[in-house]
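Hi,

Here is the structure I promised to pass on. Have a look at it first, and then read my notes below.

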Amino acid sequence: MLGFIARRLGLMVLTMFCLTLVVFFLISLEPNLKKLAISQTETRATQEQLDSWLQRNGYRQNFFVRYGQWLGLVKKQPNIDATGKAVPRFQFCDEPAVATYSGVLQGDFGCSTKFRVPVANKLFPALGATGILMFWVMVTMVPISLLIGILAGMREGSRTDRTLSVLSIATTATPEYVSGVIFAVIFASWLGWLNGSAASATMQGISFYNFTLPVLTMAIYGIGYIARMTRASMVEVMTQQYIRTARLKGLSFGTVVVKHALRNALIAPFTVIMLQFPWLLTGVVIVETMFRYQGFGYTLVEAASNNDIDLLLGCSLVSVFVVLFTQLLSDIGYAYLNPRIRVQ
Amino acid sequence: MNLEFVGATQIVLGILARFWPVWLSLAIVLGASYFYRKKLGLYGQLFSTGVGIAGLAICFFWLFTAIFASRIATFDPLAQVAVLKNAMPGAIAPETSGGGVYLLGGDNLARDVFSRMVFGSQIVLIIAPAATLFALMVGITLGLPAGYYGGRIDALLSFLANLVLAFPVILLFYLLVTPAIVEMGIPRWMAGVFFLFPIVFFLTLFWTRFKNRPDRIWLYMGLTIVIGGWIYASLVFNADPFRILSLTPNQLNIFAAVVFASSPGVFRIVRGLTMDIKTRDYVAAAQTRGESPWYIMLWEILPNARGPLIVDACLRIGYTTILLGTLGYFGLGLAPESPDWGTAIKDASRLLRSFIHPALPPTIALMSFVLGLNLLADSLREQSMKD
């Protein structure tokens, strides 16, 4: 087991390395660098000014040197100003004016050029905000979808099953940007019960009034999928011999479902729920943009549209970590929950 | 200037009447299929459940809408009639601009919401199924050897697939679908690689089967090279000698990005299925006969994996539609005035507080199409599990 985890962690580090290299390559393409230079200099800067800005801030160094600097394997060089004195690269990030190793390996995620703060100061609060959103989404989504799945799978082919199945298919067919619009129309515009924007949640704290719509919008898309998986797993369990034995023993249907079927039926949905996290990441981007909530998704969009190199790399590192870590957790948890599966 | 409106009944009747070519074709196709359902295999079996019929009807509805779009739409999707800016549904266009009714109202730029929704179906129904088809080809061509041979090939290909899957889709699109990337020619390069797969696939398919039948082999291989080459040239280099097929650089970019994002999923499914089917007796029999590995993969394993693959393709078209909508919603790739549903939803959702009507038609259209595909996939799965 330990060897398995160690191997998976090793693979994870390798994946992160490759992915950040790809991201680094894409954002270091000439047009993207120009976009960054334009956003950092005056709007009417000439081609020479842009070039000199890129040159001065070290964006013209060799690709691998810059990647090494970001990683922390190569020393980050300070800028040399007109008088030949060494000055920090970005004033607003408090970088030292001497050449140092300060990259991801040293725990320094670099400097966000868009928000003008160190990446860590922007990224981690944003992750916290998204964590709150994710928490409430999970709290709503998981019980509802498990309940729907179990009710539908209890008696396969019954009318309850048909109705709930079509209902869950309908929710998987409703992406966030569709359900968000529909909910905003119904609850914010027509009924006026809820706030169509979660912007106030960042400043004044979350409340039922401003946070229900984003949570609902994200939960709806996931509910159908988890419910379908739970249903399939429940249907399979209900055909097993031990269920028939329990019924023939004279136990009531309710007891059989709760005591015998439920535990075995919940193994498969556990994996599905864990694998939902990467999928929720995309949802987070849409929902946070739509409801103007300043979390991870919002940060990612801002970083991507301004080609904020260090912030974008930080974002991709975080999301790759989330994806791979939840995969690992789901594999370990699956083996733990189901003793018949043994990790080789 | 006061606008005149037609009543709600007239709007509903007007819309139903505009869709007449769709109703007619639906009646013919569904009627004929229902009549001959016993002879139509898996497709015919779909007619035995309500869910299957509903799914088919919805998918065919949008298919015919896309085909007859120019006949159904009342206005040009880009035409603006200034007085009808944000007009409510049923507004009558003034005589000076040619008359007619904005059946579902006008949007922020005074364009007809109804016509835009109808024309939007064209974009979605061309890109989504085509991209899924290419992703399927790439996934199959790489998944079969990975599952069949195992070992090094499998480890390498699986690592690459996981690499792409670990990328959050939205970040991938933010990096890939930008004008900057188009300038660099990366999409063309990517498309050049991806679009080779179908040609390679069909060449191998025919070669393994007919290599001892010189009368057939040259015909099939020649046809594949001619047709494949023509499609390849027109899609990748936009150099169609007949000027029938063409893709703008932006569309090519979206196309390549969507294929790139969804082929690892197909790869994983094909690989899993291959590993399962590999252990069957008929594969062992073929191996004993001395068939080549690629013959076994393409003519023994692949046909037996078709059930789950068809179901997956259906779901995947739906997922690709959602993905296209996401791209439109973030304003990536497609032209800002493009009538596709995602872009329309984005434009309308900005003004949701004041005007609701431009948002609803594209949302309902997208939802119903994806719902139809999912219902279809569900009943396909149910029918293929029966036997």
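To start with chain A: it has 14 helices and four strands. Keep in mind that this is a predicted model. Of the 344 residues in chain A, 51% are buried. If you take the contacts in chain A with a separation of 6 or more, 69% of them join residues 24 or more positions apart. The accessible surface of chain A is about 16,400 Å², and carbon and sulfur atoms account for 64% of that.

One residue in chain A is worth a click. R292(A) has a positive phi, near 50°, although R292(A) is a residue other than glycine. You'll find R292(A) in the loop between α12 (267-290) and α13 (296-306) of chain A. Is R292(A) buried or partly exposed? It counts as partly exposed, because its relative accessibility is 49%, and that falls between the 20% and 50% cut-offs.

Now for how the two chains meet. The contact involves 49 residues from chain A and 40 residues from chain B. Between them, about 3,800 Å² of area is buried, with 79% of it coming from carbon and sulfur atoms. How many salt bridges are there between chain B and chain A? The count is one. D378(B) pairs with R228(A) in a salt bridge, and their closest N and O atoms are 2.2 Å apart.

Helix α6 (residues 113-149) of chain B has 37 residues and spans 53 Å from its first C-alpha to its last, close to the 54 Å expected at 1.5 Å a residue. α6(B) is mostly covered, with 29 of its 37 residues buried. After α6(B) comes G150(B), which has a positive phi near 65°.

The other thing to see in chain B is a nonpolar patch on the surface. The patch is formed by V12(B), L13(B), L16(B), W20(B), W23(B), L24(B) and I28(B), and together these residues have about 720 Å² of accessible area. Both α1 (8-18) and α2 (20-35) of chain B supply at least two residues each. Which helix gives the most to the patch? That is α2(B), with four residues. W23(B), one of the patch residues, sits in helix α2 of chain B. W23(B) counts as partly exposed because its relative accessible area is 36%. As background, an α-helix has 3.6 residues a turn, so residues three or four places apart point the same way.

Cheers

Notes
Residues are numbered from 1 along each chain as its sequence is written. Chains are lettered from A and ligands numbered from 1 in the order in which they are written. This is a predicted model: local features need pLDDT of at least 70, side-chain atom pairs count only at pLDDT 80 or more; totals for chains, interfaces and linings use all residues. Side-chain values use heavy atoms; hydrogens and water are left out. Patches are made of residues with over 30% relative accessible area and no salt bridge: like charges are joined within 9 Å, nonpolar side chains (Val, Leu, Ile, Met, Phe, Trp, Tyr) within 5 Å. Accessible areas come from the Shrake-Rupley method with a 1.4 Å probe; for residues, only the protein chains shown count as cover. A salt bridge is a side-chain nitrogen of Lys or Arg within 4 Å of a carboxyl oxygen of Asp or Glu. Buried means under 20% relative accessible area, exposed over 50%, partly exposed in between (1.4 Å probe, protein chains only). The expected span of a helix is 1.5 Å times one less than its number of residues. Contact means heavy atoms within 4.5 Å. Buried area is the accessible area (1.4 Å probe) that two parts lose on being put together, summed over both.
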